[in-house]
Amino acid sequence: MTAAAAGAVPGATPGPAALEVEDLRVRYGELPAVDGASLGVDRGQVVALIGETGSGKSSLALGVARLLPPSAVVTGEVRIAGCDASSMTGREFRLRRADLLGYIAQDAMAALNPVQPVGRQIGELFQLHRGMSRPDARAQAVHELARVRIDRPDLVARRYPHQLSGGMRQRVMIAMAVALSPPLLIADESTTALDVSTQAEILALLGVLKAETGSGILWITHDMGVVAELADWVAVMYAGRIVEQGPVHGIFDHPRHPYTEGLLRTRRDLRSGRPGAPLFQIEGAPPALSAGRSGCAFAPRCPRQTEICAERAPALAPPPEAAADGRLVACHHPVPPGGAP
Amino acid sequence: MARTLTRRLIYGLIAVLGVAVLAFLAEFVIPGDPARALAPRAQSAAVLENIRVQLHLNQPLLVQFADYFANLFRGNLGTSYVQRQSVASLILPRLVYTGWLALAGVVAEVVIGGTLGILAALYPRVRAAVNSVNLTLLAMPEFVLGLLLLLIFGFRLHMAPVTGGAGPAQIVLPALTLGLIGAPWYAQIVADQMSDSLSSAYVRTAVAKGLTDRDILRRHVLRNVLSPALTMIGLDLGSYLSGVVTVEVVFGWPGIGLLAVQSLQNLDRPVVMATVIVGAVAVVVFNLIADLLRMYVDPRTKEEPA
């Protein structure tokens, strides 16, 4: 059973999955940032990829989107809507990439060209990939802005990025990503820089667009607090590997990996902790990138570690006593379903 | 927009007036007697006194000052002490020559510097080479470079005329001198801006849209590089129009800089004043034009703080 198949949710749109990633590895020189990750996103499904800074989640996303600098070495298999993207040449991928996936960056202010009106930046896609004339592309850009619920899209199309609010800019980014209706959207910390209410609006918009287009969304975030608002499926990354994945409520209610459990416990304490009560923390710090590690990367910080953890890295597999929900855990001693004894 | 323009014009006028006043006062600090400069072999004090009266040099400073600026406001730059003709008619052809040289020089430095900068930004391995070229050019005094070019291209290779004069053939070497001296600044600013732009998130967005490298450069990078270069072009045009003294002297280019030096030696005050004023106006005007162009190229600069 592949991870992609495991990621299938009942009632998902038939046809090839939006994204299937098989044993993806990203290296910067000798240092592995992603150390063999497999992951699937179905059509109409939102998969949240969570993890701390440096866990490799952005490298994974950028590796899938082929947006890493040339110094990064990416191997592994990436299929987008059944299409083997990893075997395409740079030119083939460039010609098809906007039809295959839309990338929504974190900081829309930086990700939009400061000296071009936003309508032109959206219209560029239609000129390039649909052979439209500039006026037609302009009209289409206005239409796309309306699609992301922007009022007076004709006016906004003529504005420059610095003349728009943060939420508007992020909507423009989203409009650009969904313009050619790709089967896959990658949202890379796309709401992190926004204030809470704008963040909620953007999340709601992504939900609506997902329902309208049936695209799958790979959502990279470190904000556990908002994951449940949009995600169907959660994958947790630690030190370049996916250590646990499963349906969002399963993960939140019964985390099986000690790292996931620790993350959730910290969050619970933050939310409901009494003033003055000690905050739960995972001991130690995430490991630095290093080559040739044996054993589980989390072992040195793990309360449940034993000898085997240092010797052999655990494979991502269904845990014992699992409910049939597709859960996968990479742990020699997973937390029992009822919580830690 | 109109308000910004009006404000800038008023500031510019104040700047020009300030420069003119300072220049006027400076001329009286410079030791020397224009009358004696005009008639160096005159024996009698009466002759010299006669000249002074003719040139109103016997008047108190304040009266001369008032006269000069009253004339200036009427658009009258006065009469040259030495040439006995109106300063305006004297300076205009010189200004045209300097204008051509300034234009050719700026084109040369933008082409040379821009090319070096773009190469340095695109090919990291070229960057070190460009940096040493920059350093060499920066360390080179203008007159040395000018003489070197004259020696190589004029006397050795006979590719450029070595006799004075001011035609299309004669402009090449002085323009090249200006271009090489100014190029490092453009190379640096273009390389930095372009490196920033190439590693920016908006270029990544353009990659994500499937644009070709060429389209990314053309549509997203170059315009972001243009804006700071424009400011520098404006500054350079302005300052070159006020006279590129060294280069004009080395190549015998009959521009305003050469005139300024000659007039200063002759204590020909009205002409010196005029060259200073023309220079100040040029700096102000070209700065303004550069800023206006910049607003067009980079809309962020339009909304300046009140």
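Predicted model: local features only at pLDDT ≥ 70, side-chain atom pairs only at ≥ 80, totals over all residues.

Q: Which residues of α9(B) are buried?

A: A residue counts as buried if 20 or more other C-beta atoms lie within 10 Å of its own. In α9(B), this holds for B:Y202, B:V203, B:R204, B:T205, B:A206 and B:A208.

Q: What covers the buried residues of α9(B)?

A: Both chains contribute to the cover. It includes α8 (168-198) and α10 (213-241) of chain B, together with α3, β6 (101-104) and α4 of chain A.

Q: What follows α9(B)?

A: The helix is followed by B:G210, which has a positive phi, near 85°.

Q: How many residues of chain A are in contact with chain B?

A: The size of an interface is often given as the accessible area lost when the parts come together. Here we count contacts instead: 21 residues of chain A are in contact with 17 residues of chain B. On the side of chain A that touches chain B, α3 (90-100), α4 (108-111) and α5 (118-130) each supply at least two residues. By class, this side has 14 nonpolar, three polar and four charged residues.

Q: How is chain A built as a whole?

A: Chain A has 13 helices and 11 strands. Its radius of gyration is 21 Å, close to the 20 Å that the globule rule gives for 341 residues, so chain A is as compact as a globular protein of that length. Buried residues make up 48% of its 341 residues.

Key. Residues numbered from 1 in each chain as written. Chains lettered and ligands numbered in written order. Contact = placed C-beta atoms within 7 Å. Helix = DSSP H or I, 4+ residues; strand = E, 2+ residues; numbered from the N terminus. Nonpolar A, V, L, I, M, F, W, Y, C, P; charged D, E, K, R; others polar. Buried ≥ 20, exposed ≤ 12 C-beta atoms within 10 Å, placed from the backbone. Rg over C-alpha atoms; globule rule 2.2 N^0.38 Å.
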